[in-house]
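Hi,

Here is the structure I promised to pass on.

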Amino acid sequence: MSLVLVVMTVGFFIWFGNYQESSATNENHLVLPQVGYKAPAFSLENFEGRMIDSEEFEGKPVLLNFWASWCPPCRVEMPHFISVYEQFSDQVDFVGINMAHQDRNEAAIEFIAHYEVPYDNLVDYDGGVARQFRVTAFPTTVVIDHKGIITYRRVGGMTERELMNVMHSVLEEGSN
């Protein structure tokens, strides 16, 4: 009896996994928030109220950084992101995504002002984009290549060296 139950359970998970993957397509590409898959499309407002759509980044690599103002690793890594942005801003779009559903708007604005963040930061008011990208901890960084494919994903703070390596890698892949 228990062997039948185990086989049925394993069969269900295999079927369900295949069902999920087959139903998540976009232009004949699988859309999953994992390395090697097409990134989910999204639209969010920036802190100035302008709606920004992920289609604006097509044709150029983009680095998404999911953060919150109260997050200690987010504070530690922000100077590294700014430094790398200054070196690669003409080749890669940098976009911060504030987890507003777990942050205070005033604190997020103070965070951006304190670090003088030079790139656009979007506001995920209800956590919908975080759910699309399966963000479970902050910070989470996702790099998407010029074709819209996720090439890198990291949960946790990043050093400048790590960021530089990721930038070189995504730009190297894009030139091939």
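Below is what I found, starting with the ground rules.

This is a predicted model, so to speak a computed one throughout: local features need pLDDT of at least 70, side-chain atom pairs count only at pLDDT 80 or more, and totals for chains, interfaces and linings use all residues. Residues are numbered from 1 along each chain as its sequence is written, and side-chain values use heavy atoms, with hydrogens and water left out.**Overall make-up**

The chain has five helices and nine strands, where both are DSSP runs numbered from the N terminus (helices are H or I with at least four residues, strands are E with at least two). Read from the N terminus, the order of elements is α-β-β-β-β-β-α-β-α-β-α-β-β-α. Of its 176 residues, 43% are buried, meaning under 20% relative accessible area with a 1.4 Å probe and protein chains only; over 50% is exposed, and partly exposed is in between. If you take contacts (heavy atoms within 4.5 Å) between residues at least 6 apart in sequence, 72% of them join residues at least 24 apart.

**The sheet**

Seven strands make an open sheet with mixed pairing, in the order S4-S3-S7-S6-S5-S8-S9; two strands pair if DSSP finds at least two bridges between them. S4 (51–53) and S9 (150–155) are the edge strands, each with a single partner, so one side of each has no neighbour in the sheet. From one strand to the next, the twist averages 30 degrees.

S7 (residues 121–123) then pairs with S6 (residues 93–98) in the parallel sense over three bridges; here Gly 96 has Asn 121 as its bridge partner.

Which strands does helix H2 lie across? H2 (residues 72–88) lies across S5 (62–67), S6 and S8 (140–144), and runs at about 165 degrees to S5. Axes are lines fitted to C-alpha atoms, for helices over the stretch in contact, and angles run from 0 to 180 degrees between N-to-C directions.

**The loop between S4 and S5**

Two residues here are worth a click. Lys 60 is in this loop and counts as partly exposed at 24% relative accessibility. Leaving out residues up to four places away in sequence, Lys 60 touches Ser 89, Asp 90, Gln 91, Val 92, Asp 93, Asp 145 and His 146. Its C-alpha is 6.2 Å from that of Val 92, which is 32 residues away along the chain.

Glu 58 is in the loop between S4 and S5 too. Is Glu 58 buried or exposed? Exposed, with a relative accessible area of 60%. Glu 58 and Asp 145 are 87 residues apart in sequence, with 8.7 Å between their C-alpha atoms.

**The largest pocket**

The largest pocket holds about 300 Å³ of space. It has 20 lining residues, and the closest to its centre are Lys 38, Ala 39, Ser 54, Glu 58 and Gly 148. A pocket here is an open set of points on a 1 Å grid over the protein atoms alone, where a 1.4 Å probe fits and protein lies on both sides within 12 Å along at least five of seven lines; lining residues have an atom within 4 Å of a point. The lining divides into eight nonpolar, five polar and seven charged residues, with Asp, Glu, Lys and Arg as charged, Ala, Val, Leu, Ile, Met, Phe, Trp, Tyr, Cys and Pro as nonpolar, and the others, Gly among them, as polar.

Cheers

Methods: Grid points are joined across faces, edges and corners, and a volume is the space filled by probe spheres set on the points.
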